[in-house]
Amino acid sequence: MTKSYVTLEICPICKKDTGTILLDRRLKDTFESKTINPTNVCDDCRKKYLSKGVMIINPETCRLTVIKDSAFKKIMDCPIPAKKIAFAHDDVLDRLIIK
Ligand SMILES: [Zn+2]
């Protein structure tokens with residue numbers, strides 16, 4: 001089976017197109033012809049969520065949560081990342097996601 005490596009990037013939060021075409025061979029997890037890019041979110045979500053918080057995502061599973069800047073500083077022992085996106089494993093996410 002031949003797979004196209006040209007995919008439309010989708011936002012990990014709302015799953016809408018970000019308008020970017022990806023040509024990266026390393027991105028293997030395609031969702032039909034669309035690919036979640038865990039390092040980028042669309043403009044809407046950036047405004048809505050990342051203006052006040054930090055997205056924490058597991059790049060392998062694309063599970064994610066967004067926590068407030070103040071909570072991030074309290075929980076994580078590191079400064080807020082410039083892009084407001086941080087990576088974490090599922091066990092960390094389990095503790096952060098309120099069920
Ligand atoms: Zn979005």
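Predicted model: local features only at pLDDT ≥ 70, side-chain atom pairs only at ≥ 80, totals over all residues.

Me: Where does threonine 65 lie, and what does it touch?
Reply: Threonine 65 sits in strand β6. Leaving out residues up to four places away in sequence, threonine 65 touches Val54, Met55, Ile56, Leu93, Leu96 and Ile97.

Me: Which strands does β5 pair with, and in what sense?
Reply: β5 and β6 (residues 64–68) are antiparallel, with 5 bridges. One of the bridge partners to look up is lysine 68 in β6, across from glycine 53. β5 also runs parallel to β7 (residues 85–87), joined by 3 bridges. There, isoleucine 57 stands opposite phenylalanine 87.

Me: How should I read the two faces of a strand?
Reply: The general idea is that side chains in a regular strand alternate between the two faces of the sheet. In β5, Gly53, Met55 and Ile57 point one way, while Val54 and Ile56 point the other, and all are buried.

Me: Which residues make up the largest nonpolar core?
Reply: The largest nonpolar core has 9 residues: Val54, Ile56, Ile67, Phe72, Met76, Ala86, Ala88, Leu93 and Leu96. A second, separate core has 8 residues, including Cys11, Cys45, Met55 and Ile57.

Me: What is isoleucine 67 in contact with?
Reply: Setting aside neighbours within four places in sequence, isoleucine 67 is in contact with Gly53, Val54, Ile56, Phe72 and Ile75.

Me: Now the metal. Which residues are the protein donors of the zinc ion?
Reply: The donors are the SG atoms of Cys11, Cys14, Cys42 and Cys45, lying 2.3 Å from the zinc ion. Along the sequence, the donor residues follow the spacing C-x2-C-x27-C-x2-C. Cysteine 42 and cysteine 45 are both buried.

Me: Why is the arrangement around the zinc ion called tetrahedral?
Reply: Look at the angles: the 4 donor atoms subtend 108 to 112° around the zinc ion, so the arrangement is tetrahedral. For four donors, that label needs all angles between 85 and 135 degrees.

Me: What about backbone angles?
Reply: As a rule, most residues other than glycine have a negative phi. Lysine 15 isn't a glycine, yet has a positive phi of about 65°. Lysine 15 lies in the loop between β1 (7–10) and β2 (17–22), and is partly exposed, with a relative accessible area of 46%. Cysteine 62 is another non-glycine residue with a positive phi of about 65°. Cysteine 62 is in the turn of the hairpin formed by β5 and β6, which have 6 residues between them.

Me: To zoom out, how many helices and strands are there in the protein chain?
Reply: The protein chain has 3 helices and 7 strands, and from the N terminus the order is β-β-β-β-α-β-β-α-β-α. Of its 99 residues, 31% are buried. Among contacts with a separation of 6 or more, 53% join residues 24 or more positions apart. As for the surface, the protein chain exposes about 6900 Å², with 55% of that supplied by carbon and sulfur atoms.

Notes
Residues numbered from 1 in each chain as written. Heavy atoms only, no water. Core = buried A, V, L, I, M, F, W, Y, C linked by side-chain atoms within 4.5 Å. Buried < 20%, exposed > 50% of the residue type's maximum accessible area, 1.4 Å probe, protein only. Contact = heavy atoms within 4.5 Å. Donors = N, O, S within 2.8 Å, 3.2 Å for Na, K, Ca; no water. Tetrahedral: all angles 85-135°; square planar, octahedral: opposite > 155°, others 65-115°. Helix = DSSP H or I, 4+ residues; strand = E, 2+ residues; numbered from the N terminus. Pairing = 2+ DSSP bridges. Areas by Shrake-Rupley, 256 points an atom, 1.4 Å probe, with all protein chains shown as cover.
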